[in-house]
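Subject: Structure handover

Hello,

Please find the structure below, followed by notes on what was found in it.

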Amino acid sequence: MEPLLKVDDLRTQFHTDAGLVNVVDGVSLELKKGEILGVVGESGCGKSVTSLSVMQLLPKDISKVASGSITLEGQDILAMSPSRLRKMRGNQISMIFQEPMTSLNPVFKIGDQIMEAIRFHMKISKKEAKVYAIEMLKKVGISRPESVVDEYPHQLSGGMRQRVMIAIAMACEPKILIADEPTTALDVTIQAQILNLMRQLQQEKGTSIMLITHDLGIVAQMCDRVVVMYAGQVVEETDVKSLFKNPKHPYTKGLLASLPQLSGNQNKLKSIPGQVPALDEMPTGCRFAPRCEFRMDECDTSKPNLLNVAENHTCRCYLYQKEEIPS
Ligand SMILES: Nc1ncnc2c1ncn2[C@@H]1O[C@H](COP(=O)(O)OP(=O)(O)OP(=O)(O)O)[C@@H](O)[C@H]1O
Ligand SMILES: [Mg+2]
């Protein structure tokens, strides 16, 4: 089946003090209908920039998609006009942003912001939209939604604002929901509630979800497939079961070892030594080599490709050198 969303060899550049750098460097991924794809990796590895590239919401003055392609049901997102993109956002693809504080407009009431999103895509009256907005607020677990619709963002807590953002993103029942760390700022009860809500959306409406998270526990609980990113690249991709049972890339293994539920003992968490390389100091060989316990000579001198290591399982590492992925 043709994927709903296809990102192919995406390269996104930023102008920084150190010059022009590839923040996302050759990322390919696919989102199929009705699946939940997890995107994991440490801070700064390009998860948000990948999703902002898909939404065409990169800061234009300092960044651009330099090469690659992004298609939505076969249509080239990179070639869409601004008005076509506005229609796409919210209706076909919605995004829950990592920073809820910055994504609500402080001068408009909560209800008006949800209603605006609804009425842009659905032909319904203002009155009906308000009823629907209240219903959406209720769905994301906001108590007294009838009063919250008439409040301003500053009157709500961070967690409530995040839930309003989720209500807006889900309001038009998009085909694809990109959720960038949707629950990081929320307490565990609310977090569970939001994750349930996303799963419900996926099960009832067949929504495809790209779930970006640091939390492998959430991945285990929610996702069908997982893409592991490191320093702007995909280093491993497989179904969620294989990732946890049979991780291949040393980076993935490191991430799993630092997960309390899996290692069993909270006090003996292993964290991966070292840090993600700076954008202007990328190693010439494997980007993970400086931190890797399995590092070999060739890892420092040449760049590993993303290869098939098992069925539906790819990995970018010299420990596994089987056939090239068919393109
Ligand atoms: N507006 C910006 N200006 C300059 N550099 C940026 C900007 N946005 C992102 N970057 C750089 O791009 C790289 C990737 O950032 P990105 O936000 O995609 O990471 P991430 O994987 O989402 O991290 P996190 O888990 O912290 O959200 C980082 O090195 C970051 O410094
Ligand atoms: Mg991010």
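Glu73 is partly exposed, with a relative accessible area of 38%. Here buried means under 20% relative accessible area, exposed means over 50%, and partly exposed is in between, using a 1.4 Å probe and the protein chains only. Glu73 sits in the loop between β4 (63-72) and β5 (75-76). Helices (H or I, at least four residues) and strands (E, at least two) are DSSP runs, numbered from the N terminus. Glu73 is not a glycine, yet its phi is positive, at about 45 degrees.

Two notes on the source. This is a predicted model, in which local features need pLDDT of at least 70 and side-chain atom pairs count only at pLDDT 80 or more, while totals for chains, interfaces and linings use all residues. Residues are numbered from 1 along each chain as its sequence is written, chains are lettered from A and ligands numbered from 1 in the order in which they are written, and side-chain values use heavy atoms, with hydrogens and water left out.

Asp9 also has a positive phi, near 50 degrees, and is a residue other than glycine. Asp9 belongs to strand β1 (residues 5-16) and is partly exposed, with a relative accessible area of 37%.

Next, the interior. In soluble globular proteins, nonpolar side chains tend to be buried together. A nonpolar core is a set of buried Ala, Val, Leu, Ile, Met, Phe, Trp, Tyr and Cys residues joined through side-chain atoms within 4.5 Å. The largest such core has 63 residues, and Leu137, Val164, Met198 and Leu211 have the most contacts inside it. Helix α7 (residues 158-171) supplies the largest share of this core, 9 residues. A second, separate core has 35 residues, including Phe14, Val23, Leu72 and Met88.

Two buried residues can be looked at one by one. Contact here means heavy atoms within 4.5 Å. Pro153 lies in the loop between α6 (145-148) and α7 and counts as buried, at 5% relative accessibility. Val240 lies in helix α10 (residues 240-245) and is buried, with a relative accessible area of 15%. With neighbours within four places in sequence again left aside, the contacts of Val240 are Val219, Ala220, Cys223, Asp224, Arg225 and Val226. Val240 and Asp224 are 16 residues apart along the chain, but their C-alpha atoms are separated by 5.5 Å.

Helix α11 (residues 250-257) is mostly covered, with 6 of its 8 residues buried. Among them are Tyr251, Leu255 and Leu256.

Last, the ligand. Which residues come nearest to ligand 1? Of the 14 residues around ligand 1, they are Ser43, Gly44, Lys47, Ser48 and Gln98; a residue is near a molecule if one of its heavy atoms lies within 4 Å of it. Helix α1 (residues 47-55) gives the largest share of this shell, 3 residues. An N or O atom in the side chain of Lys47 is 2.8 Å from an oxygen atom of ligand 1. For a polar side-chain atom of His214, the distance to an oxygen atom of ligand 1 is 3.1 Å.

Regards

How values were computed:
A polar contact is a pair of N or O atoms within 3.5 Å; within protein, one must be able to donate a hydrogen and the other to accept it, and residues adjacent in sequence count only if both atoms are side-chain atoms.
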